[in-house]
Amino acid sequence: MKRIDALEAIYDDIADCAVVTIMGAVAVELYSLGHRPNFFYLEHAMGLASSMGLGVALAQPDRPVVVIDGDGSLLMNLGTLTTLARYAPPNLTHLVFDNESLLSVGGFPTATSTGSDLAAMARGAGIASARLVSELDEFTAAAREDLGAGELTCLVAKVEDVGPASFHMDLHLLENRFEFARALRPDSDERNE
Amino acid sequence: MPVSESSSKVVYDALKSNGVGICSALPETWLVHLIRLAEDDPDMTLVRLAKEEEGVGVSMGAHLAGARSALLMQNHGFLQAINGIVSGAMLYKIPLLLVISDRGHLGERDPWQTEGGRFTRRVLDALNIQRAELRTLDEVEPKLTRAMTMAQSSLSPVAVLLTRELMWEEPAP
């Protein structure tokens, strides 16, 4: 399964969600499918996308939140699984694309390439429904199920270690940041609280 | 325990009066009363972390979603969270209220705390993070309010140091 195909398969399903992605190929590929104001691409602070998603989900319990994570980022902040499990916001869906590689920096293999199992770690952390998929149809069905589950979920998807031809996005990270805040809080101006 | 319960309450009340609705925390001795106050408050969302850098992400998400938050951390927790502060909050212009216990400063008795204290202020300075030092009960509310105001208007991290003078009550001899 290619990540871009998986993202395309759920692109319509996440239209109304606050989406927080990690940097690199994940961000570029989602952006290439069509940017939306409710999509935030965390271009640095590796590992913290899931923590950000938790912050959004706790601050706005009625808004569905999707974190699109990767193996390298999640490995950098494994404690996040225990924190997510502890507070288990029912409006948070955690998707993890595992290409067993730090693709954006040249394809160095991560520990999932030698057997570390992120879905098992998520279950061990307390996210009982966490599971691993490796086929596109399976991913699409599981992701849709998770998006409608009404509870914290974690879906790990094995994907090929291929990415976009270019990592350029015609969207400055600050533009993205202010637009995202406006999309999340249409009734308040963050500079005038 | 000689950590001041009354001072902790004053700090907590100042967080509340500044609209803080989400506190992330990793326990340490000087923070236990503050964390218990947050835990017992039905209007506060307490996020107990595995490591302090997570709290930067939580506060970033909370801010973008319109909620005020604070990070309760030891100075070593601040040192631990620096990459998130720089490449998350600073890069993305997001306010943080860092409430840092000022361990390892003059009067510190725990040998293992003595190294980090040498660097807390210098690292804050190196990062251009403005700070207030809370030493007396009277200054807690006004200084914490100014810190929050500055964080919100500058969209950047501001630190409040909880000093030994405020947080520690020497037991009677």
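In the loop between which two strands of chain A is E100(A) found?

Modeller: This is a predicted model, in which local features are described only at a pLDDT of at least 70 and side-chain atom pairs count only at 80 or more, while totals for chains, interfaces and linings use all residues. Residues are numbered from 1 along each chain as its sequence is written, and chains are lettered from A and ligands numbered from 1 in the order in which they are written.

E100(A) is found in the loop between β4 (92–98) and β5 (101–102) of chain A, where helices (H or I, at least four residues) and strands (E, at least two) are DSSP runs numbered from the N terminus. Its phi is positive, about 55 degrees, although E100(A) is not a glycine. Most residues other than glycine have a negative phi. E100(A) counts as partly exposed because it has 19 C-beta neighbours inside 10 Å.

N128(B) is in the loop between α6 (120–126) and β5 (130–134) of chain B, and since it has 9 C-beta neighbours inside 10 Å, N128(B) counts as exposed.

Let us now step back from the loop to the sheet of chain A. Strands pair through backbone hydrogen bonds, either parallel or antiparallel, and here two strands are called paired if DSSP finds at least two bridges between them. In chain A, 6 strands form an open sheet in the order β2-β1-β3-β4-β8-β7, with parallel pairing. At the edges stand β2 (39–41) and β7 (131–133) of chain A, each with a single partner strand, so one side of each is left without a neighbour in the sheet. From one strand to the next, the twist averages 20 degrees; axes are lines fitted to C-alpha atoms, for helices over the stretch in contact, and angles run from 0 to 180 degrees between N-to-C directions. Helix α7 (residues 136–147) of chain A lies across β4, β7 and β8 (153–158) of that chain and runs at about 165 degrees to β8(A); contact here means that the C-beta atoms of two residues, placed from the backbone, lie within 7 Å.

Chain A as a whole has 8 helices and 8 strands, and 50% of its 193 residues count as buried. Its radius of gyration, taken over C-alpha atoms, is 16 Å, which agrees with the value near 16 Å of a compact globule of 193 residues, by the rule of 2.2 Å times the number of residues to the power 0.38.

The two chains also touch: 28 residues of chain A are in contact with 27 residues of chain B. On the side of chain A that touches chain B, α3 (49–59), α5 (79–87) and α8 (173–184) of chain A each supply at least two residues, and α3(A) gives the largest share, 8 residues.

In chain B, strand β4 (residues 96–101) is mostly covered, with 6 of its 6 residues buried. L96(B), L98(B) and I100(B) point one way from β4(B), whereas L97(B), V99(B) and S101(B) point the other way. On one hand, β4(B) is joined by 4 bridges to β3 (residues 68–74) of chain B, in parallel, and S101(B) is the bridge partner of Q74(B). On the other, 6 bridges join β4(B) to β6 (residues 157–162) of chain B, again in parallel, with V99(B) standing opposite V160(B).

As for confidence, chain B averages a pLDDT (the predictor's confidence in each residue, from 0 to 100) of 96, and 98% of its residues score at least 70. The model scores ipTM 0.97 and pTM 0.97.

Key: A residue is buried if 20 or more other C-beta atoms lie within 10 Å of its own, exposed if 12 or fewer, and partly exposed in between; C-beta atoms are placed from the backbone.
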